[in-house]
Every structure is written in C-alpha cells, then in structure tokens.
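Take a look at the fold below before reading on.

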Amino acid sequence: MTRAAREALIQAALDGVPQLIGRLFDGRGGYCALGVLEKLSDEQTGLSTPVNACPICGATEETYHNGYEIRNEGALLVHYNNDHLFDFLTCANKMPVSEEAADA
Ligand SMILES: [Zn+2]
C-alpha cells in the first residue's frame, strides 16, 4: 500500500466515516477500508502488490468472503476489515507500506 492510501484511511478515521463489514459502501456515507480507497487508482493505492498470506494470522483465504484468496494487498485489506475487524486506523497501521511508493 502507498503512503497516500494509508493517509486516506487515517483521514476516514478522523472524519468519523462509519466502517462497514462485508460491503464497499452503503450509500449513506459508510465504507469498508477498501471502499475508502475506491476513489484512488490501483497505481495510487498499490493494492495490486502481491502478498502470499496474512502477515498476522497466516491465513491465505478470507473467512468472510468464504475462501477468497489473499493474493494481493487489496485482498489483505479486505481480510483485515472483515476477518480481523480492524478499524481504519489499525488497518492503516498494519498494512505494509512500500517505501518506494512513499517517496513518489
Ligand atoms: Zn489475518
């Protein structure tokens, strides 16, 4: 994940955005962590960066979405949001941030 994506998650927390589990948005201002980042491009978020498993619990599949494989940072973020129930700040803190992207 890029620093821009991390900052967007932190901003969502500061703005008091209601956090959803299992859906991107609800049309009433609520978003999941991935939904918060939907307005940014793949390039801007870095969420297509490959990962092999959750660095915290070792899972290779999301539980909430029933076997959806955790193969990139976007899927990892969904796993953090739905399976670990991390709030936006914790997601921002636990997601890997690329130093290269941070310097861009
Ligand atoms: Zn996990």
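Is helix 4 mostly covered or mostly open, and how many of its residues are buried? Helix 4 is mostly covered, with 10 of its 10 residues buried. A residue is buried if 20 or more other C-beta atoms lie within 10 Å of its own, exposed if 12 or fewer, and partly exposed in between, with C-beta atoms placed from the backbone. Helices (H or I, at least four residues) and strands (E, at least two) are DSSP runs, numbered from the N terminus.

Two points on the source come before the details. This is a predicted model: local features need pLDDT of at least 70, side-chain atom pairs count only at pLDDT 80 or more, and totals for chains, interfaces and linings use all residues. Residue numbers start from 1 along each chain as its sequence is written.

Stay with helix 4. Its buried residues include E73, H79, N81 and N82. L76, L77 and V78 are also among them. The cover over the buried residues of helix 4 includes helix 2, strand 1 (61-62), strand 2 (68-69) and helix 5.

Now the core. A nonpolar core is a set of buried Ala, Val, Leu, Ile, Met, Phe, Trp, Tyr and Cys residues joined through C-beta atoms within 7 Å. The largest one here has 23 residues, and those with the most contacts inside it are L9, A33, V36, L77, F88 and C91. Two or more residues each come from helix 1 (3-14), helix 2 (33-36), helix 4 (73-82) and helix 5 (88-94). Helix 4 gives the largest share of this core, 5 residues.

What does L9 touch? Leaving out residues up to four places away in sequence, L9 touches A33, V36, F88, C91 and A92. Contact has a simple cut-off: two residues are in contact if their C-beta atoms, placed from the backbone, lie within 7 Å.

Step back to the whole chain. The protein chain has 6 helices and 2 strands. Along the sequence the pattern is α-α-α-β-β-α-α-α. The radius of gyration of the protein chain is 13 Å, close to the 13 Å that the globule rule gives for 104 residues, so the chain is as compact as a globular protein of that length. That radius is taken over C-alpha atoms, and the rule is 2.2 Å times the number of residues to the power 0.38. The C-alpha trace spans about 35 × 30 × 20 Å along its principal axes. Of the 104 residues, 32% count as buried. Among contacts with a separation of 6 or more, 51% join residues 24 or more positions apart.

Finally, the loops. Most residues other than glycine have a negative phi. N66 has a positive phi of about 55° although it is not a glycine. N66 sits in the loop between strand 1 and strand 2. N66 is exposed because 7 other C-beta atoms lie within 10 Å. L85 also has a positive phi of about 55°, again without being a glycine. L85 belongs to the loop between helix 4 and helix 5. L85 counts as exposed, with 11 C-beta neighbours inside 10 Å.

C57 lies in the loop between helix 3 (42-45) and strand 1. Why does C57 count as exposed? Because C57 has 10 C-beta neighbours inside 10 Å. C57 and H84 are 27 residues apart in sequence and 9.2 Å apart in space, C-alpha to C-alpha.
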